[in-house]
Structures are given as structure tokens and as C-alpha cells.
Amino acid sequence: LQGDWSSDVCSSDLDYIVAAAAEATKVPANHRYSPTPGLPELRDAIVAKTKRDSNLTISADQVLVTNGGKQAVYQAFATIVDKGDEVILPSPYWTTYPECIKLAGGIPVEVFADEKQNYMVTVDQLEKARSPKTKALLFCSPSNPTGSVYSPEQVKAIAQWALKNEIWIITDEIYEHLLYDGATAPSIPALVPEMADRTLILNGVRSEEHTSELQSPCNLVCRL
């Protein structure tokens with residue numbers, strides 16, 4: 001546990017999480033060497049969660065559990081990015097993204113969207129940023145740090161652009177439930193199933209469950 005719990009407005013809501021974590025320490029399987037992709041029970045639970053929340057049918061062998069969000073982000077880029085590959089990065093963005101791209105040998109190509117377009121990039125902007133070296137697009141909706149949420153129509157258009165140009169999409173869905181005023185955040189392969197083989201989904205429990213003071217090993221990289 002980290003941080004000043006007395007100043008955390010969400011700390012009173014975490015008692016059941018802390019209790020469950022303490023109880024889990026009594027199970028030897030939880031603190032011994034585990035299968036590299038993650039505990040089978042956890043991967044099965046992620047499969048069920050993905051179907052429930054994203055209406056995507058996947059199998060456990062498509063799920064990789066990591067030790068945190070940064071590891072999931074880096075491993076996703078390290079898996080598909082070769083030295084000199086370009087990755088289109090909509091801006092504003094979470095500060096870790098470009099560093100993970102560079103660490104994997106890639107080159108971040110920023111595409112800026114200001115308040116006039118509600119901080120959301122357009123297909124025209126993406127097309128202008130595309131080059132023969134473009135390997136992937138980082139997509140995050142709801143966005144960190146802006147909170148902007150792409151509409152289903154915008155998500156579908158971006159996915160179809162990526163499909164047409166044989167570009168991978170790494171989609172960070174960690175904030176999928178931070179939605180207001182009836183907004184929805186559909187997963188890319190749910191709207192464009194043809195993108196399933198070129199999409200890596202990043203997700204986890206930390207942000208949406210207000211467990212900012214818990215370092216949760218429940219993030220995932222999901223290859224569809």
C-alpha cells in the first residue's frame with residue numbers, strides 16, 4: 001500500500017479490497033511462482049469480463065497478465081514494434097506512452113488535437129501522419145489526460161482506416177468505465193471485427209476501481 005490514506009477520498013471504499021487482498025495471501029498459489037501468462041483462474045475471469053463489458057469473445061490463451069499498467073504498455077509495443085518503426089500517438093497523451101515506444105525501438109509520431117476538436121484526432125490527421133514506416137496507432141478512449149470519449153462512429157472510422165492501411169492498433173481501455181452523460185466507449189474489435197488480428201487491448205482494474213493506492217498485478221495485454 002502506498003500514499004497518505006487519510007487524504008484519499010476513496011480510501012473508505014477500499015476496505016473490502018484490502019480485506020480480500022489480505023485473505024488472498026493465505027493461498028499459497030498466490031505468492032509462489034505462477035504460469036508466465038498469469039494464473040489460469042485469473043485469465044478465465046478476464047475472458048468473462050471482456051465478454052461482459054466489451055461484448056468480445058476471446059479465449060484464455062489470448063490473455064497475458066502483467067505486473068502493472070506500464071509493463072502491459074511496454075510489452076505491447078515491444079511485441080510488434082521493430083527498430084525504426086513509427087507509432088502514431090494522439091496528443092495530449094499519458095506521459096508513459098512515448099517512452100515505451102522509444103524503449104521498444106520505435107519512433108513516436110505525435111498528432112495534436114486541441115480543444116476546438118475536443119482533443120480527439122480525426123482520420124484526416126492520422127492519414128497525414130502516416131508514412132511507409134507506420135507500424136501502429138496508440139488509441140485511448142476515454143482519454144488520459146483529457147477525458148474525451150470518441151463516439152462509436154469515430155472509433156469505427158479510425159479502425160477502418162487502420163484496417164485499410166494494415167496498421168496495428170494498441171488500444172488502452174483502462175478507463176472504459178469512467179463515462180458520464182450516457183457516453184459509451186466501444187472496443188475497436190467489437191465495431192470492426194476484421195481488426196481483431198491487428199489489435200492489442202490493454203486493460204486492468206486499477207483506475208476504474210479507485211485503487212490508486214494499490215499496486216495491482218491485474219493489468220493485461222490481450223491479443224485478439
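Predicted model: local features only at pLDDT ≥ 70, side-chain atom pairs only at ≥ 80, totals over all residues.
- D181 has a positive phi of about 60°, although D181 is not a glycine.
- With a relative accessible area of 84%, D181 counts as exposed.
- Y119 also has a positive phi, near 60°, and is a residue other than glycine.
- The place of Y119 is the loop between β3 and α5 (123-129), and Y119 is partly exposed at 33% relative accessibility.
- Between S91 and P92 there is a cis peptide bond, with omega at about 5°; P92 belongs to the loop between β2 and α4.
- Another cis peptide bond connects N144 to P145, with omega at about 25°, and P145 is found in the loop between β4 and α6.

**Strand β2, enclosed on both faces**

- Strand β2 covers residues 86-91, and six of its six residues are buried, so the strand is largely enclosed by the rest of the structure.
- On one side of β2 the buried residues are E86, I88 and P90, while V87, L89 and S91 are buried on the other.
- β2 pairs with strand β3 (residues 107-112) in the parallel sense, over six bridges.
- Within this pairing, I88 is placed opposite V109 of β3.

**Helix α2, with a buried face**

- The buried residues in α2 are R43, I46, V47, K49, T50 and S54.
- Looking down the axis of α2, these buried residues fall within an arc of 170°, so they line one face of the helix.
- E41 and R52 are exposed on the other side of α2.
- Just after the helix comes N55, with a positive phi of about 55°.

**Aromatic pairs**

- The structure contains two aromatic pairs.
- In one of them, W94 and Y97, the ring centres are 5.4 Å apart and the planes meet at 85°; an angle over 60 degrees counts as edge-to-face, so this pair is edge-to-face.
- W94 is partly exposed, at 22% relative accessible area, whereas Y97 is buried, at 1%.
- F139 and Y150 make a tilted pair, with 4.8 Å from centre to centre and 55° between the planes.
- This pair links distant parts of the chain: F139 is in strand β4 (residues 134-140), Y150 is in the loop between β4 and α6 (152-164), and the two are 11 residues apart.
- Both F139 and Y150 are buried.

**Salt bridges**

- There are eight salt bridges in the structure.
- E23 and K26 form one of them, with their closest N and O atoms 3.3 Å apart; E23 is partly exposed at 46% relative accessibility, and K26 is exposed at 61%.
- E99 and K102 form a salt bridge as well, the closest N and O atoms being 3.4 Å apart.
- These two residues, E99 and K102, both belong to helix α4 (residues 96-103) and are three residues apart, about one turn of the helix.
- An α-helix has 3.6 residues a turn, so residues three or four places apart point the same way.
- Both partners are partly exposed: E99 has a relative accessibility of 46%, and K102 has 45%.
- R130 and E127 meet through their side chains in a salt bridge of 2.7 Å, N to O; R130 is partly exposed at 32%, and E127 is partly exposed at 33%.
- A network of salt bridges links K49, R52, D53 and E176.

**Cysteines**

- The count of disulfides is zero, where a disulfide requires two cysteine sulfur atoms within 2.5 Å.
- C100 is buried, with 7% relative accessibility, and C140 is buried too, with a relative accessible area of 11%.

How values were computed:
Residues numbered from 1 in each chain as written. Heavy atoms only, no water. Phe/Tyr/Trp six-rings, centres within 6.5 Å; stacked < 30°, edge-to-face > 60°. Buried < 20%, exposed > 50% of the residue type's maximum accessible area, 1.4 Å probe, protein only. Helix = DSSP H or I, 4+ residues; strand = E, 2+ residues; numbered from the N terminus. Arc of directions from axis to C-beta. Salt bridge = Lys/Arg side-chain N within 4 Å of Asp/Glu carboxyl O. Pairing = 2+ DSSP bridges.
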